[in-house]
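This briefing concerns charged side chains and their surroundings. Please consult the sequence and the structure shown here alongside the text.

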Amino acid sequence: MKVLIVGSGGREHAIAWKVSQSSKVDKIYCAPGNAGIEEYAECVDIGAMEFDELLAFAKEKEIDLTVIGMDDPLVGGVVDVFEAAGMRVFGPRKNAAFLEGSKAFSKDLMKKYNIPTAAYENFDDPDKAIAYLEKAEFPLVLKADGLALGKGVLICNTLEEAREGVKAIMLDKQFGDAGTQMVVEEFMTGREVSVLSYVDGKTIKTMTSAQDHKRALDGDQGLNTGGMGTFSPSPFYTEEVDEFCKKYVYQATVDAMAAEGREFKGIIFFGLMLTEKGPKVLEYNARFGDPEAQVVLPRMKNDIVEVFEACIDGTLDQIDLQFEDNAAVCVVLASEGYPVAYDKGLVISGLDAFKEKDGYYAFHAGTKKTDKGIVTNGGRVIGITAKGADLKEARANAYDAVKWVDFANKYCRNDIGKAIDEA
């Protein structure tokens, strides 16, 4: 069969690598792809939001399965466009992807169906938001309602910071139209855990747990980013937590979406906070996390194409989802200055080292193939992933592999997975 993957980041590289292992697949295309994805797929110069062009290409090449990796096209309704044309496509429809597309919607959904989450209020008027904040207790969290590349969340410790946050989100529109509405949320403390899941509209099968590192600098300092690294599994995600979430969070969310007439087929990413009062939902995403996919997919034993098809066909209950009994750590190599300003076009060396190493991966995010070789083409450049018998070994392996790759202004956090020492 022929598969088309839509996206251009480290997540899509991980998906392409996993799809390439399927015995069912003869040919992979990726739109628009990146330099690393070219190892497994033929990259085509079509943007992820160019729905008509994507559909025309899929028809021309007689694509059997299209896999949507990114949030923007999902929220924009690309799945509806493909389904209307009779094409098989993996991902939620527009009305289901709204689970990620609007934080206000997702918070209201959790409240209506008693899914545990932080206390909150929604605002579409900045003056009303500030009036509310003047009577609130701090710290608080401000969240742009829409998609903001994982960066539209501000933690405010004082009223002055909160006022500045409202201005940044709703008036200055630092996150674009994502800030038309805003959620003001209770600040929760505890361990963050990410759990990705496959969903076929009725059945949900969770993958192994992971933990992301959002802040740009060591010690969880600096600005929010799309993710600077991750590890899997999380030692803080215990059997007790899993049982609670299966009962009160995972199936409850799938059932809630169905009850709202928003049948969900695809990936639901559960961002959880393990608080003193039990697990609570921080956020939902409607696709694989990035860089969570880079540590979860290398540990997955199943043929991913079979799982994708089961989600589309409503037969996920027949899949025995299995993961290796080991660990993986991903360290993101970024261009210095990310997530604000950074140079592009810097030559990358050392990538050939990964071809000879089993259990080591360089998942490209912001890269491009040029006459000079492979160069940087984004803020997050490459996710260096390594497996190990346990988390400490995987972490040591990942940081060893970080040294193999070099480019000018290379930057990474030095404490990815440090929390495992406290487990």
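**Charged side chains and their exposure**

D45 is exposed, with a relative accessible area of 77% (exposed means over 50%, buried under 20%, partly exposed in between; 1.4 Å probe, protein chains only). The model is predicted: local features need pLDDT of at least 70, side-chain atom pairs count only at pLDDT 80 or more, and totals for chains, interfaces and linings use all residues. Residues are numbered from 1 along each chain as its sequence is written, and side-chain values use heavy atoms, without hydrogens and water.

**Salt bridges**

- The count is 24 salt bridges (a side-chain nitrogen of Lys or Arg within 4 Å of a carboxyl oxygen of Asp or Glu).
- One of them joins E309 and R88 at 3.8 Å, N to O.
- E309 belongs to helix α11 (residues 304-313) and R88 to the loop between α4 (78-84) and β5 (89-90), so this pair ties together parts 221 residues apart in sequence (helices, H or I of at least four residues, and strands, E of at least two, are DSSP runs numbered from the N terminus).
- E309 is buried at 16% relative accessibility, whereas R88 is partly exposed at 30%.
- K246 and D242 form a salt bridge of 3.1 Å, N to O; both lie in helix α9 (residues 239-259), 4 residues apart, about one turn of the helix.
- K246 is partly exposed at 41% relative accessibility, while D242 is buried at 14%.

**A buried asparagine**

- N397, in helix α12 (residues 391-402), is buried at 16% relative accessibility.
- Neighbours within four places in sequence aside, N397 is in contact (heavy atoms within 4.5 Å) with Y360, A386, K387 and G388.
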